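Biologist: I've got a model open on my screen and I'd like to learn how to read it. Could you walk me through it, feature by feature?

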Amino acid sequence: MKSTESPLSSAPSFSVEQLLKELPVPLFTCNRQGILHLSNTAFDELCELKALPGTSVFEIKTLKFFDGNGRRISSENSPLLEILHSRNPVINKQVKAGPKNQSFLLSTSFSLKADQGEQLVNFCLIPNYSTESEEIKNARLSAIVEYSNDAIISKDLNGHITSWNKAAEKLFKYTEEEVIGKHISLLFPEDRLKDERMILDTIKRGEQIKHFETIRLDKTGKEIPLSLTISPIKDSAGRIIGASKVAREISERLESEKKQAHLSAIVEHSDDAIISKDLNGTITSWNHGASKIFGYSEEEVLGKPITLLIPAERLQEEDLILKKIKSGEKIQHFETVRVTKVGKEIPVSLSVSPIKNLQGAIIGASKIARNIEEQIRFRKKIKAYNVKLNILNSVGRDISSNLDVQTVIQKVTDACTKLSGAKFGAFFYNTENGNGESMMLYTLSGAPKEAFENLGMPRHTAVFQSTFTGQGAVRIDDITSDARYGQNYPFNGMPPGHLKVVSYMAIPVISSSGKVTGGLLFGHPEKGVFQEEHEMMIKSIAAQAAIALDNSRLFERVKSLSEKKDEFIALASHELKTPLTTVKGYLQILEKKIEEPSSRLFLSKALEQADRLHTLIEDLLNMSRIEAGKLEFHYEEFDLREMLLDLAETFSHSASTHQIITNLGENPVIVKADKQRLEQALINLLSNAVKYSPTAQKVHLNLSVNDENIRVGVRDEGIGLTEEEQKQVFSRFYRAESTKGINGLGLGLYLTKQIIDAHHGQLAVESKVGAGSEFYFMLPRIC
Amino acid sequence: MKKVYLVEDDYGLRDLMSVLLIHKNFEVQAFPNATSFTKTINKEIPDLILMDIMLPDGNGVDLCKNLRDARETKEIPILLMSAHANPSIADGSGADAFLPKPFDVEELYQCIETVLEARL
């Protein structure tokens, strides 16, 4: 078979064979083995050679087929093979073939070769014609390019810009006119210029560059991070003539990636466990911190239920947490307990927040769990320190404010036992009984009195000696293995029934005189309980206790002396009364007998002084009665106004130097009081007013009543009192500086105050130096 | 003439009161202690007794109670005295009056008069 070059339309008569030869559609016929029987000119063109009958189509290397991605299909996979081996007579198959990778519709038909009966397969490669015109296609492409959100730029192989779309204008701020024909390096930062060489080299090789992340500059010189995809542009002959660049700004993406990376790093390296779970409670993420705290690796727990970490008795917490999360609530610093892989329970502080998807729906929860073991230990420690501090403070306060020996030693024992952590403590204390005989008291803490009742006092054994001779503190982790222990008959150790002691501590209590007054002994049935800090603490309390005990001993002595003194005053004043009665009696007899005026004057002066002596004795006696708590009161109802009127009158007679000015109101004022004592109180106030205003002429006696109180005031125009004097004026034996030279025992106001106090009233003074004083008392009104 | 027994351990006051009572026309017999008084009263009953409460060998309140318990002495007017200012010291003694020391002459006379009048 030979081919001819004549055009299809040139000859009026032609064979079918001739016609086929002239068809512009490549076609060929071969047998089932692919041995070429017939082919036409168009086929030769496609294969770029002269195909001769009898050759195998598989040997025509220029007959190339390509897959959808433009890759060449090897001859073993040739689409022809499939067809040649097929029984189907007609197959239409879309193929790409030829040097230009053109699309064809491969159409086949089977025919019989009449003479030999061999079946032939006819192949026809019909070119795919687009249904659109090139023009429309181009217009569409231009539009796509023009309005793309990506900057699309093309350049020639010299790097000169040949096209520039709207997005490129926007991204780089250059207009199309400004850049067309300019070199692409316009957009390059200095340090990226080498990129262009690499790009061009790649393009020239016909390869594409995809998603190349780099930086370009806009017109203002601002750096823009970009993702570039660069493809070669070929002319219709397939030659590379330039490159198209698609540039997408990635600053936002970079930012968010950067952020993401930061966040991931934070999450990953956090010491807190950061866990996320879905709404079913299934763990979806697990950081390094979580592994450290809970002991599970990420692989072990992902997809497992979060309840893995929750102790059985706290499982209901998860329901509550999920419920809150589902309602969009956060849980903050929730302190609870979780369990680790090895089953250890650890205290944690949880903060749980809902996780939302882009639509805002809650899809899970993030959990931050912090191990607060250390925190809790610290908290406990602080609490324990506070407790100790409180005990120390209160014991300090208690023992310094208390003067009763038994109370002081009990408080000290209790506090020291608590502070030292001892199981029990004892305070053995040397004291003197009323007869000056030495004896030993003891108090216990942490053990009942019976525990020691049948045991003797600590003896001068090796164990106790250093304590009771004041040699210093003894602190032993295990007394039973100490050399000093168990050396003494009869028990060689603790007597039977003694509380078990292993840890032992003893601190001597030494008074300011250097004498050992006692010892604080502590015991615990376990080893090594007492530490140096305990010893220090107990030592400081022991020092305080020694002072308190010294004080209380002094106080006891002073108290007993004071009692003796009060007894003596009572006795003495009582003894003074009887001869005074006799003196007064004789004077009164004489008063009746003597008529001579000057003698009568002397007698009346003698009687006056006897009365004064009587008052003084009475004051002393009353004072001693008050001190002994023996002053008795006899209450009766009477009109206070009337009493004051009588008093004022009597006083005006006796005190010739002063005038008593009364302001007592119009109405009777009924009180329930001890009339005699109240009179005594008022006489004291009036006498003082006269006594301490020697140059004045007036003393005011006032009575007023309001809803609650009855107020009685005695005001003088005398020397007055300083503020300091006002504070002390009601104390026993107190006499103001300014009263030197004026007689008195300093008992009057003291007694007056005691009397008013006994009536549930208040005695007070208002005074100004040089202007006088008002002493007044308020009695509660009885209705 | 009415007979009065005076029991008072303080000699000064005993003398003074004797003088005062004689002055008021009483026949006075004075005793320095409880023992001598008890001895005498068992022999002869007076018209009035003035007695100090604090005696070296006894207590005026107890003595008074005993006198009230005995049929012969039940009706004798008794006046107790004491330097103890509180009259409650004489409570339950059965005495007719209590006179706190020190007292004025007039107070003594007034008190005796009141006691005797009440007994008439």
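**Reading the sheets, helices and contacts**

Modeller: Let's start with a sheet: 5 strands of chain A form an open one in the order 24-26-27-29-28, with mixed pairing. Strands pair if DSSP finds at least two bridges between them. Helices (H or I, at least four residues) and strands (E, at least two) are DSSP runs, numbered from the N terminus. This is a predicted model, in which local features need pLDDT of at least 70 and side-chain atom pairs count only at pLDDT 80 or more, while totals for chains, interfaces and linings use all residues. Residues are numbered from 1 along each chain as its sequence is written, and chains are lettered from A and ligands numbered from 1 in the order in which they are written.

Biologist: Which strands of chain A stand at the edges of that sheet?

Modeller: Strand 24 (659–663) and strand 28 (762–768) of chain A; each has a single partner strand, so one side of each is left without a neighbour in the sheet. Neighbouring strands here are turned by 15° against each other on average, direction ignored. Such angles run from 0 to 180 degrees between N-to-C directions, with axes as lines fitted to C-alpha atoms, for helices over the stretch in contact.

Biologist: How many bridges link strand 26 and strand 27 of chain A?

Modeller: Strand 26 (residues 698–705) and strand 27 (residues 709–716) of chain A are antiparallel, with 7 bridges. Look for A:Ser704, which stands opposite A:Arg711 in strand 27 of chain A.

Biologist: Which strands does helix 19 of chain A lie across?

Modeller: Helix 19 (residues 675–691) of chain A lies across strand 26, strand 27 and strand 29 (772–780) of chain A, at about 25° to strand 27 of chain A.

Biologist: And where does helix 19 of chain A meet helix 21 of chain A?

Modeller: The axes of helix 19 and helix 21 (residues 748–758) of chain A come within 9 Å and cross at roughly 145°. Residues count as in contact if their C-beta atoms, placed from the backbone, lie within 7 Å. Among the residues making this contact are A:Leu678, A:Ala681 and A:Leu685 of helix 19 of chain A, and A:Leu751, A:Thr752 and A:Ile755 of helix 21 of chain A. By class, the contact has 7 nonpolar, 5 polar and 1 charged residues. Ala, Val, Leu, Ile, Met, Phe, Trp, Tyr, Cys and Pro count as nonpolar, Asp, Glu, Lys and Arg as charged, and the others, Gly among them, as polar.

Biologist: How many residues of chain A are in contact with chain B?

Modeller: 14 residues of chain A touch 13 residues of chain B. Helix 16 (residues 532–593) of chain A gives the most to the chain A side, with 12 residues. That side divides into 4 nonpolar, 7 polar and 3 charged residues.

Biologist: Which residues are buried in helix 2 of chain B?

Modeller: An α-helix has 3.6 residues a turn, so residues three or four places apart point the same way. In helix 2 (residues 34–41) of chain B, B:Ala34, B:Phe37 and B:Ile41 are buried (20 or more other C-beta atoms within 10 Å of a residue's own, C-beta atoms being placed from the backbone). Seen down the axis, the buried residues of helix 2 of chain B fall within an arc of 65°, so they line one face of the helix. The arc is that of the directions from the helix axis to the C-beta atoms. Their cover includes strand 1 (2–7) and helix 3 (60–69) of chain B.

Notes: Contact = placed C-beta atoms within 7 Å. Buried ≥ 20, exposed ≤ 12 C-beta atoms within 10 Å, placed from the backbone.
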